[in-house]
Amino acid sequence: MHNKLTVLGIETSCDDTCASVMSGDSVLSNVISSQCDFHNIYGGIVPEMASRLHVQKIDLVIKKAVSEAKINFQELDCIAYTEEPGLSGSLFVGKVAAQTLSLLLQIPLIKINHLHGHIFSAAINNKFSYPLIGLVISGGHSNFYYCEDSLLFTQIGTTYDDAIGECYDKVARILGLGYPGGPIIDKLAKKGVCRYKVPMPDLYHDQTFNFSFSGIKSWVYNFVKKRKKTINVPDMCASFQHVVVELVIKKIKLVLKEYKVSQFVIGGGVSCNSELRRRLIEEIKNVDILIPEIPYTTDNAAMIARMGSEIFSEKKKEKLWEIKTTVL
Ligand code: KG4
Ligand code: ZN
């Protein structure tokens, strides 16, 4: 009989079918089946196709996660799955798979908020100390959270328009690069010179913890339209990325001035951006910074298993259905 908690995580909120097994603090498997090549043809995610592809893959991905973990299904103590937010058809596939398994194995089912899960990706192979500030920067969100205790999330900032990753993806599309745009722009920016004067949004100067990215995207669109033939793509990537990262760093500094916390934690696909990681380490002092390891930055089920494990082990099961974000 083992005494380590063994959790299966399931994540299907967007375009990756993911399952992971964690035992105690160790990730035993982290399987991700990406639909990226399919959606790339259309330049963005086609929600109906995303759900259909999840249906095709979910059983295989779960089986692979359990077999790579070298356990059998009977050894699982609970199942954690992404309940929200995300594409409804995609979420539904993961939820039904999780419910079916929990019923069959007679083990508890834990609902996880995808964004809170992204914060917990930094707790894999690490320990949180509270209170902390969390920042989720992904394809769909750009939210600051104040976490007083492990499962108490208060949203203190968000974006007024596009999410940061969405902005990367749209700018990549304008520049004729592939999808998802973030990693491509990140790579090209390293070869470019920051020489185009991409304007900073007005809220850079305000005292809120909010973001705005659509103005930056529109400026790139109009500039590229006017100067199509003469645009140097790596230079545009470097100039665009400089403004976006500068805005994020500025807001992080502002939040950390206002909230005295032990840790600053970042998560979500954009947190694997190399320029952002470099500047975070260089410029954010006086607070412990937790940055997830690269495989746990973009969507994955290990972060879902990690948060599920936290909820389960802290015996907060009964509070499970109450975990909601308070929006100030
Ligand atoms: O967290 P994630 O996998 O999915 C959502 O929950 O949205 O984030 C995906 C987003 C995409 O917009 C992608 O372009 C962006 O993360 N991304 C990056 C990088 N890698 C992925 N953005 C900037 N730099 C990167 N290196
Ligand atoms: Zn995500």
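This report describes the metal site, the ligand surroundings and the salt bridges of a predicted model.

## Zinc site

The zinc ion (ligand 2) is coordinated by the NE2 atoms of His-114 and His-118 and by Asp-299 through OD, at 2.0 to 2.1 Å. Along the chain, these donors follow the spacing H-x3-H-x180-D. His-114 belongs to helix α4 (residues 114–120), whereas Asp-299 sits in the loop between β10 (288–290) and α10 (302–313), so the pair ties together parts that are 185 residues apart in sequence.

The arrangement around the zinc ion (ligand 2) is irregular, because its four donor atoms subtend angles of 96 to 137°. To count as tetrahedral, four donors need all angles between 85 and 135 degrees. For comparison, the ideal angle for four tetrahedral donors at a metal is 109.5 degrees. Two of the coordinating residues can also be described by their accessibility. His-114 is buried, with a relative accessible area of 6%, and Asp-299 counts as buried at 15%.

## Surroundings of ligand 1

Ligand 1 is surrounded by 20 residues. The closest of them are Gly-139, Asp-169, Asp-186, Gly-269 and Asp-299.

In the side chain of Asp-186, an N or O atom is 2.9 Å from a nitrogen atom of ligand 1. An oxygen atom of ligand 1 lies 2.9 Å from a backbone N or O atom of Gly-269. For Asp-299, a backbone N or O atom lies 2.9 Å from an oxygen atom of ligand 1. Taken alone, ligand 1 exposes 550 Å², and the protein buries 90% of that area.

The structure holds 14 salt bridges. One of them joins Glu-246 and Arg-279, whose closest N and O atoms are 2.7 Å apart. This pair links distant parts of the chain, with Glu-246 in helix α8 (residues 233–258) and Arg-279 in helix α9 (residues 274–283), 33 residues apart. Glu-246 is buried, with a relative accessible area of 17%, and Arg-279 also counts as buried, at 9%.

Glu-283 and Lys-253 form a salt bridge through their side chains, with an N to O distance of 2.8 Å. Because Glu-283 lies in helix α9 and Lys-253 in helix α8, the pair ties together parts that are 30 residues apart in sequence. Glu-283 is partly exposed, at a relative accessible area of 27%, and Lys-253 counts as partly exposed at 39%.

In general, side chains of opposite charge can pair when their charged atoms come close.

A network is also formed by Asp-162, Glu-166, Lys-170 and Lys-217, which are joined by salt bridges that share partners.

How values were computed
Residues numbered from 1 in each chain as written. Chains lettered and ligands numbered in written order. Predicted model: local features only at pLDDT ≥ 70, side-chain atom pairs only at ≥ 80, totals over all residues. Heavy atoms only, no water. Donors = N, O, S within 2.8 Å, 3.2 Å for Na, K, Ca; no water. Tetrahedral: all angles 85-135°; square planar, octahedral: opposite > 155°, others 65-115°. Helix = DSSP H or I, 4+ residues; strand = E, 2+ residues; numbered from the N terminus. Buried < 20%, exposed > 50% of the residue type's maximum accessible area, 1.4 Å probe, protein only. Salt bridge = Lys/Arg side-chain N within 4 Å of Asp/Glu carboxyl O. Near = heavy atom within 4 Å. Polar contact = N/O pair within 3.5 Å; in protein donor to acceptor, adjacent residues only side chain to side chain. Areas by Shrake-Rupley, 256 points an atom, 1.4 Å probe, with all protein chains shown as cover.
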